[in-house]
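Have a go at each one before you read its solution.

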Amino acid sequence: NSSIAGGITQCGKNVKIGTAGSPFGISTNIEVAANPYLKEYVKVISKEKEELIKSYGEDSLDVEKKRNLQFLAEKKMKKQMMDILAETEPSNSIAVDNNIYPGTVFRIYNHSLNISEEITRRKITISDKSVTINEY
């Protein structure tokens, strides 16, 4: 049985471990992170956002218009990221066969779940754009 206790552990796909966290409450973060393609895509979209704002000229926009443009560009970027995640990584999960201790945080992309009491044998997944935890 494997265990992860303390620090940050990241992976790009499903995780299956024996124990998560420590009975001493050591802060433990276990993450399913974005794949490298998605990270590069975020960089491209961010650059496009900046270029869009610059294309209107620094002096030609008042502060409120710049904020609105930035908000719309960020909203578009987040939607595109979530669409890609839904298409490319629909079934990512974290499964723990034994104990999960308080102080453990599970993250799947930009969704997180903090564990506040000791539980056992759970599977953490994304469901309806939030993190869910179920017995398995």
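pLDDT is the predictor's confidence in each residue, from 0 to 100. This is a predicted model, where local features need pLDDT of at least 70, side-chain atom pairs count only at pLDDT 80 or more, and totals for chains, interfaces and linings use all residues. Residues are numbered from 1 along each chain as its sequence is written, and side-chain values use heavy atoms, without hydrogens or water.

**Exercise 1.** Find out which elements have the lowest and the highest mean pLDDT.

Now go by element, meaning DSSP runs numbered from the N terminus: helices (H or I, at least four residues) and strands (E, at least two).

**Exercise 2.** Work out how β7 and β8 are arranged.

Strands pair if DSSP finds at least two bridges between them. Here β7 (residues 104-108) and β8 have four, in the antiparallel sense. One spot to look at is V105, which sits opposite N114 in β8. Next, check the turn: two residues separate the strands of this hairpin, and Y109 there has a positive phi of about 60 degrees.

**Exercise 3.** Sort the residues of β8 (residues 111-114) by face.

In a regular strand, side chains alternate between the two faces of the sheet. On the covered face you'll find H111 and L113; S112 and N114 are on the uncovered one.

Notes. Buried means under 20% relative accessible area, exposed over 50%, partly exposed in between (1.4 Å probe, protein chains only).
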